[in-house]
Amino acid sequence: PKGGIIIIVPQHKFLWSKVDDHSYHKRRYSRKELKEKLLKTGFRVHYMTSFVTLLMPILVASRITNFLKKDCCPSKEFILPKTINSLFSYMLKLERIFIKRKISLPFGGSLLAIAYKEE
């Protein structure tokens, strides 16, 4: 009763790839699906947003490229040159500004939900 939850989940089923298997994901959610599951279990959604929005085109391109490769190695997706990693980190920091202001981003590779139970 009166408890809260913060959830971060992978978003968009069409992005499922070997990287999800490698990351031990069990599913990818849509915004609607996650909201329905929270409501069904008695939670009221306080805030929900997508994130990894600015990197979404790169994420989609990566998934397509890996899908076309027969010998895709999922762990290689996590190894980036320092400059690229810094650029991606900066882009995510920009998104954090929106999240701190409770602005809901319309799409992205991940989904954040903050919910609570009233009773």
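Trainee: Among contacts between residues at least 6 apart in sequence, what share joins residues at least 24 apart?

Mentor: The model is a predicted one. Contacts here are heavy atoms within 4.5 Å. Among those between residues at least 6 apart in the chain, the share joining residues at least 24 apart is 79%.

Trainee: In what order do the helices and strands follow one another from the N terminus?

Mentor: The chain has 4 helices and 3 strands. Read from the N terminus on, these elements run β-α-α-β-α-α-β.

Trainee: What percentage of the residues in the chain is buried?

Mentor: The C-alpha atoms fill a box of roughly 50 × 30 × 20 Å along the principal axes. The accessible surface comes to about 8400 Å², and carbon and sulfur atoms account for 62% of that area. A residue counts as buried under 20% relative accessible area. Of the 119 residues in the chain, the buried ones make up 34%.

Trainee: How many salt bridges does a search of the whole structure find?

Mentor: Side chains of opposite charge can pair when their charged atoms come close. The criterion is a side-chain nitrogen of Lys or Arg within 4 Å of a carboxyl oxygen of Asp or Glu. Over the whole structure, the number found is 3.

Trainee: Which residue forms a salt bridge with Glu33, and is Lys13 buried or exposed?

Mentor: The side chain of Glu33 meets that of Lys13, with an N to O distance of 3.6 Å. This pair links distant parts of the chain, since Glu33 belongs to helix 2 (residues 31–40) and Lys13 to the loop between strand 1 (4–10) and helix 1, 20 residues apart. Because its relative accessibility is 55%, Lys13 counts as exposed.

Trainee: Are Asp20 and Arg28, which form a salt bridge, buried or exposed?

Mentor: The closest N and O atoms of Asp20 and Arg28 are 3.0 Å apart. Buried means under 20% relative accessible area. Both Asp20 and Arg28 are buried.

Trainee: How many residues apart are Glu118 and Arg44?

Mentor: The side chains of Glu118 and Arg44 form a salt bridge, 3.0 Å from N to O. Glu118 lies in the segment after strand 3 and Arg44 in strand 2 (residues 44–51), so the pair links distant parts of the chain, with a separation of 74 residues.

Trainee: Which helix supplies the largest share of the lining of the largest pocket?

Mentor: The largest pocket has a volume of about 640 Å³ and is lined by 25 residues, with Val52, Leu55, Leu59, Glu77 and Phe78 nearest its centre. Helix 1 (18–22), helix 3 (56–68), helix 4 (82–100) and strand 3 (110–116) each supply at least two lining residues. By class, the lining has 12 nonpolar, 7 polar and 6 charged residues. The largest share, 7 residues, comes from helix 4.

Trainee: How many charged residues are in the lining of the second largest pocket?

Mentor: The second largest pocket holds about 150 Å³ of space. Its lining consists of Ser62, Asn66, Lys69, Asp71, Cys72, Cys73, Lys76 and Glu77. Sorted by class, that lining has 2 nonpolar and 2 polar residues, and the charged residues number 4.

Definitions and conventions
Residues numbered from 1 in each chain as written. Predicted model: local features only at pLDDT ≥ 70, side-chain atom pairs only at ≥ 80, totals over all residues. Heavy atoms only, no water. 1 Å grid on protein atoms, 1.4 Å probe; cavity = no way out; pocket = protein on both sides within 12 Å on 5 of 7 lines; lining within 4 Å. Points joined across faces, edges and corners; volume = space filled by probe spheres on them. Nonpolar A, V, L, I, M, F, W, Y, C, P; charged D, E, K, R; others polar. Buried < 20%, exposed > 50% of the residue type's maximum accessible area, 1.4 Å probe, protein only. Areas by Shrake-Rupley, 256 points an atom, 1.4 Å probe, with all protein chains shown as cover.
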